[in-house]
Amino acid sequence: MIPSSLVQRVWNYAGVLRDSGVSYTDYVEQITFLLFLKMDQELGEIRRPHRIPDQWNWQSLRSREGDDLAVHYGHLLEELGRVEEGKEATLVQTIFRKAQNKISQPALLKKLVTLIDEENWSGLDMDVKGDIYEGLLEKNAEDVRGGAGQYFTPRPLIRAMVRAIDPKPGRTIHDPACGTGGFLLVAYNILKEQARLASAADRRKLQWQTFSGADNVANVVRLGAMNMYLHGIGGDRCPIAEADSLARDPGSRYDYVFTNPPFGKRSSVMVVSEEGKVSREAQTYERQDFWVTTTNKQLNFLQHVHTILKIGGEAAIVVPDNVLFEGGAGETVRKRLLNNCDVHTLLRLPTGIFYAQGVKANVLFFEKKPASETAWTKKLWVYDLRTNKDFTLKTNPLQDSDMEDFVRCYNPGNRFDRQESERFHAFDYETLTQRDKTNLDLLWLKDASLEESENLPAPEVLAREILEDLQSAVALFEEIAQRLEQ
Amino acid sequence: MSAAATLPSGWTRITLDEACEKIQDGTHFSPKTQYTERQPGLFRYVTAKNVREGGIILDEINWIDAAAHKAIYTRCDPRPGDVLLIKDGVKAGVAGINQLNEPFSLLSSVALIRPRRQILLPPFVKYFLNAPTGRGLLLGKMTGTAIRRIVLEAVKSTPIPIPPVAEQRRITEKLDALLSDLDAAIATLNRAVEKLKRYRQAVLKAAVEGNLSHEWRETHPESLVPAAKRLARVLLERRKKWEDEHRSVPKGADARRGLRYVEPQCCELEELPDLPPSWPYANLDIMSQPSRDALKTGPFGMALGKEDYRDEGVPIIGIENISSGRFTPGFKKFVTSAKYASLVAYSLGPGDIVVSRSGTVGEVCVIPEKVTGLMSTNLIRIRVDTEVVDPAFVALVFRGSKSLDNQLSELCSGSTRDFLNHPILRSLALPLPPLGEQGVVVARVEELEAALDAMEQGVQHDLRRAARLRQSILEKAFRGELVPQDPSDEPASFLLERIRAERAAAAKTKPVRSRKPRAKGAPAAQ
């Protein structure tokens, strides 16, 4: 069966389950468990090493029915996800961590088991399996209700970021907010393509020793772990761990960091006082390696990425607009970053490409440098992919062709040899530091929807832009209100 | 803020003079030679127009030579981090921090404020002077009626509340973060306001080019008669109506009176926007009955003058009653019923279209139900054949068609003012959709405009709230309510006392002038 119709078949079933109260996210999770069990079974059948003990394997599931099936499934999930005290989670344990059966009706569970049972998944090409799963993840992200969209970065953007940085083989690549593993996967695919891998040893190194990631949401880590597994990345050791990257300096250092930290409000913790009053306290991370203590999650990720880079290491990180203009802690972080690193490229992203509404985001590219008296940043090149660009998730989604000009201007072959163009301008260090609060919110193109001109954008485009502006204003007001309450 | 207002714990209040090392203004003698371009050996000459809350703006700064600079700088030497305050002119009261690393000269329109950093930090002073609290104190003491001016003495005597230094830092850091976010939100809202205006224009444009009624055309395929054919039909009908009316008049009389049917000219179609295939272009002649009164200019000259105006009676309707394509009630001038009767040819009633012919030419509206009056001289009345065109649609075209706008500006140019006249009006090309479609377009535009009006109101409301929020954040800051007090901070008053004591002790110690031993019996230095 061709992959896309397989995705469709699996996905159609989601609709049936949704009517019984199983959300898309839950559905993808359950598919993950069952698929893993089935594939492991298939490995065993051809006498390849497999991981699941007989007591809890696929056969033990498919031979059962009704309540017996449901009960056994529940136990199976619990057992496989159990981690020994003090030990690192294995691949299986990562996938089944905190797993629960969300399908309350045994008959539906049986139907799902049958559906998975019918296919030979291992027989499918590695790429195909991976694509099917990615397809499911994408559909999951589209489901607004599930809220899983915030974990999904548009693939054309990821590909452009990786192509720009152009990682060399034999180095390490890390994502401290890896979500479902999109960046790691794309980097893997691109590196695999390049004919630089001479030996089987090199290929092993690429698959097993190159990639790592962390995320603090167990369910997402599960999906990411499965995603890696289906693409053959990581081998026995799961490359993705469940951890709060911001909590501490992990000690390890990486050659490349790609990441899209979650958007959204400042981290906060609900506190119940002795009198039973509930309030939110800002969650701060006090780290020695940080330049400044703040509740702003994205600023903290920026500081964290700076810490975990090797000297000479390169990073590409997606940040919202407010990292570029916020005063106070924001100004401090920007100043330090411009000094300690060569912050060489800033990509202003268009609206309408993320699942979160009204998000205004950017990609910041920088290279970590050794300690020095003088600032390392000489020139910041800004690419404006925002002004007069109109994308929507459904009718006009971002595509690889939309990113081509940016990658060309970036000039991965030699980023010191660049030309200015209509959308690509350089700003030198003095200009940047003269700006009030070292504000990096740089734009120069005229917005057609603000101009008196014959060529007005179509009403729908204007309406959408107005809505996005209002949404981002509302988000800012909410932030301010939150901070005033603290 | 009254002097008696209680201060938070750890805070004190003193005058700026006490709290600062130096408060001085720039030179009162502007150098005669100033350069506009940078050259080696020259120094910047900063005046009020270069100072903002965010710092010094470097474009449009003049330069002066070293000698002139030295003369000024010896007396007034701004250093990096000092506070600069505009004390003369429109922007008096604005304070910013000097971010330049080089020496430069100031004009007297700017004052230099250098706080004693052990007790008072420049960013805190800057925020205080810009906040309603501080600025109110400064501006309240302004003298001068022609030019706003704050005297140096007033600056020096301004009281400033002073928290512990660590708290000052916490306050300014929080203000930096909050206000930068707030300003970004305000900028976004202002952008939204601009875009709403464009959206309105885009809606009108879409309306008159057939892009709001796609669905209607699909569900009314019988209306899809090709434009030329429909136009021919309309012209035929028009002729028939005229002939029906004039049937009773004997032929000979026709010829004698010169009454002849005049076929309206069709429009020149170059450079007009494309319309749907069922929409021809037409002009006002085609859209109205063949009658001398289809277009009528208001009474002028002797017919209606100031002496005819009254305070009550039949209202005179003029340009002031047209606003954004809508009729706005409110009459100032009236005439007697008798006068109105004598000028009844110039009357206005529901369904009449009026267009302004001087001043802002081309402002249009339709007279609504229950409104009657006398046309003023600067209006032209248009009466259309309502079986051919809806007056509301005509008004819409005048409002929304850029090409009509262009036609008007090209054609109307009087000697001193733009003037619109009948021939010009007649030559304008307007789209003519089927009558049913016109109604749909008009309704759709009304719907969208109502939503836009509501949105605009909402945004303006938000902007006002944002401005109030800004004020309230700043007021909270200087009441000590923005960040919590930390009991471990040394209270400002203690610090102040210590510094005063140290200073007093230093003043009493006489400087050692020579190495000669003290003469016996002479008093010891204290």
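**Reading a helix crossing and a buried glutamine**

Visitor: Which hand has the crossing of α8(A) and α15(A)?

Guide: A crossing is left-handed if the near helix is turned anticlockwise from the far one by less than a right angle, and right-handed if clockwise. The crossing of α8(A) and α15(A) is right-handed. This is a predicted model, in which local features need pLDDT of at least 70 and side-chain atom pairs count only at pLDDT 80 or more. Residues are numbered from 1 along each chain as its sequence is written.

Visitor: At what angle do the axes of α8 and α15 of chain A cross?

Guide: Axes are lines fitted to C-alpha atoms, for helices over the stretch in contact, and angles run from 0 to 180 degrees between N-to-C directions. Helix α8 (residues 155–165) and helix α15 (residues 400–410), both of chain A, have axes that cross at roughly 20 degrees and come within 9 Å. That makes α8(A) roughly parallel to α15(A) (angles under 35 degrees count as such).

Visitor: Which residues in α8(A) and α15(A) meet?

Guide: Contact means heavy atoms within 4.5 Å. Among the residues in α8(A) that meet α15(A) are P156(A), L157(A) and R159(A), while those in α15(A) include D400(A), M403(A) and F406(A).

Visitor: Is Q303(A) buried or exposed?

Guide: Buried means under 20% relative accessible area, exposed over 50%, and partly exposed in between (1.4 Å probe, protein chains only). Q303(A) has a relative accessible area of 1%, so Q303(A) is buried.

Visitor: What does the side chain of Q303(A) reach?

Guide: The side chain of Q303(A), a residue of helix α12, reaches the backbone nitrogen of W291(A) at 2.8 Å. The C-alpha atoms of these two residues are separated by 7.4 Å.

Notes. Chains are lettered from A and ligands numbered from 1 in the order in which they are written. Side-chain values use heavy atoms; hydrogens and water are left out. Helices (H or I, at least four residues) and strands (E, at least two) are DSSP runs, numbered from the N terminus. Angles under 35 degrees count as roughly parallel, over 145 as roughly antiparallel, 65 to 115 as roughly perpendicular and the rest as oblique. A polar contact is a pair of N or O atoms within 3.5 Å; within protein, one must be able to donate a hydrogen and the other to accept it, and residues adjacent in sequence count only if both atoms are side-chain atoms.
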